[in-house]
Protein chains: 2
Amino acid sequence: MDLAESFLQERGFNGFSYAHIADALDVKNAAIHYHFRTKDDLACAVMQRYRDRFQLWVNNSRIKDLPPGEKLDWFFSIYTNTRADNGKVCLAGSLETEFHSLPVSLREQTEALTCELLAWLQDTLQEGREAGVFHFGGDSVSKAALILSSLQGALQMARALGTDKFHAVVEQHKQDLLVPA
Amino acid sequence: MDLAESFLQERGFNGFSYAHIADALDVKNAAIHYHFRTKDDLACAVMQRYRDRFQLWVNNSRIKDLPPGEKLDWFFSIYTNTRADNGKVCLAGSLETEFHSLPVSLREQTEALTCELLAWLQDTLQEGREAGVFHFGGDSVSKAALILSSLQGALQMARALGTDKFHAVVEQHKQDLLVPA
DNA sequence: TGACAAACTTACTAATCAGTAAGTAAAATT
DNA sequence: AATTTTACTTACTGATTAGTAAGTTTGTCA
């Protein structure tokens, strides 16, 4: 599953095969089929684990009780540390790009993940604005969508233009949110 | 090339084959190979045409002489009309997602396109800020990267969550840029 | 009219793809 | 000790992949 997750982030759903994973583990492809009957099953399991992990984090008091500014820093750091610096992109973004060539079960997982990320970000932004820490116009739903879409896009952009661009985007978001006017 | 462009935007480079195009045109796959020896050649030709088209537009006085606010509206409208409403994503975003599984020539095209989009957007933002129409902190390079990455990401997000989300992101960008404080 | 080139088709190839059926070895359970 | 389960391997299948070689049709031009 770790390998499948990496391949999904690095090459997309259509960009890897059972053989890639089997070779990396030095087993035969049938060994993968034993654990995950179909490729959809494998990808769905990866997505479910990814979602569960996120929910576990945000419901943990180490994150939940943080002030909004630090919560957001934590969120940004997920993208910075485990994605941009390793040339990976967000699972949601990766699968959305290939959406129309994906099995239905995997589309549902993609939708669910995106909703969950968006919901948490929206709550955090709202909380921060009410606390006077964040400053932005419009509603928190749109601002959350703006930030999430930008993080997704910036990870992809980092592929072509290097991680500096990604870091610049994150800093710009902080600037936009934190500086009053 | 029109079909290849559509497939790239809808399914990604690894998500379509010569057979898809041949079937759609009711010819044999060898007919495609006659015009484009390899799949890389085809995709590169599509990218080159896409880039040329963009340069033609931005150098045309119908766009070049527009005030910054309307320039930006035009830029947003490319994404809204020809992508979000048809379930397509930006070519740059699509190829960046699969970057590590792409032939080198196609990676170079992807990088070039991203740079060109970014450069134009940066100039436009700078011009607008100097004219007092746009308001944002930080430098225009970062802000351009933020907006472009967000548009890319929002097109992908629209796949899973519908076009409403995309439109909300565009409105939020306008709000962020246009409202003084 | 004949030469030639453009735009194909027919008929392949070798590789890769997801997925399966049957067999095996070792560990866990009864 | 016998049985069952887990985790594979071996050996495939049929579909699809990008790409090729040789032949065919159609239109253009000298």
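Q: What makes a run of residues a helix or a strand here?
A: Both are DSSP runs, numbered from the N terminus: a helix is a run of H or I with at least four residues, and a strand is a run of E with at least two. By that definition, chain A has ten helices and zero strands. Its pattern along the sequence reads α-α-α-α-α-α-α-α-α-α.

Q: Why is chain A called as compact as a globular protein of that length?
A: The radius of gyration, taken over C-alpha atoms, is set against the globule rule, 2.2 Å times the number of residues to the power 0.38. For 181 residues the rule gives 16 Å, and chain A has 18 Å, which is close, so chain A counts as compact in that sense. The C-alpha trace spans about 60 × 35 × 30 Å along its principal axes.

Q: Where do these values come from, and how are residues and chains labelled?
A: This is a predicted model, in which local features need pLDDT of at least 70, side-chain atom pairs count only at pLDDT 80 or more, and totals for chains, interfaces and linings use all residues. Residues are numbered from 1 along each chain as its sequence is written, while chains are lettered from A and ligands numbered from 1 in the order in which they are written.

Q: How confident is the predictor in chain A?
A: Confidence in each residue is given as pLDDT, from 0 to 100. Chain A has a mean pLDDT of 96, with 99% of its residues at 70 or more.

Q: Why is Thr97(B) given its burial class, and which residues is it in contact with?
A: A residue is buried if 20 or more other C-beta atoms, placed from the backbone, lie within 10 Å of its own, exposed if 12 or fewer, and partly exposed in between. Thr97(B) has 34 such atoms, so it is buried. This residue lies in helix α7 (residues 91–97) of chain B. Two residues are in contact if their C-beta atoms, placed from the backbone, lie within 7 Å. Leaving aside neighbours within four places in sequence, the contacts of Thr97(B) include Gly12(A), Thr97(A), Gln156(A) and Gly12(B).

Q: Is Gly87(A) buried, exposed or partly exposed, and what makes it so?
A: It has 14 other C-beta atoms within 10 Å, so Gly87(A) is partly exposed. Its place is in the loop between α6 and α7 of chain A.

Q: What makes a residue near a DNA strand, and which come closest to DNA strand D?
A: A residue is near a molecule or strand if its C-beta atom, placed from the backbone, lies within 6 Å of it. Around DNA strand D there are 14 residues, the closest being Lys28(A), Ala30(A), Ala31(A), Ser17(B) and Thr38(B). At least two residues each come from α3 of chain A and from α2 (18–25) and α3 of chain B. By class, this surface has seven nonpolar, four polar and three charged residues. For DNA strand C, which also has 14 residues around it, the nearest are Ser17(A), Thr38(A), Lys28(B), Ala30(B) and Ala31(B).

Q: What makes a set of residues a nonpolar core?
A: A nonpolar core is a set of buried Ala, Val, Leu, Ile, Met, Phe, Trp, Tyr and Cys residues joined through C-beta atoms within 7 Å. The largest one has 91 residues, and among those touching the most other members are Leu121(A), Ala145(A) and Leu155(B). Leaving aside neighbours within four places in sequence, Ala145(A) is in contact with residues including Leu118(A), Ala154(B) and Val169(B).

Methods
Nonpolar A, V, L, I, M, F, W, Y, C, P; charged D, E, K, R; others polar.
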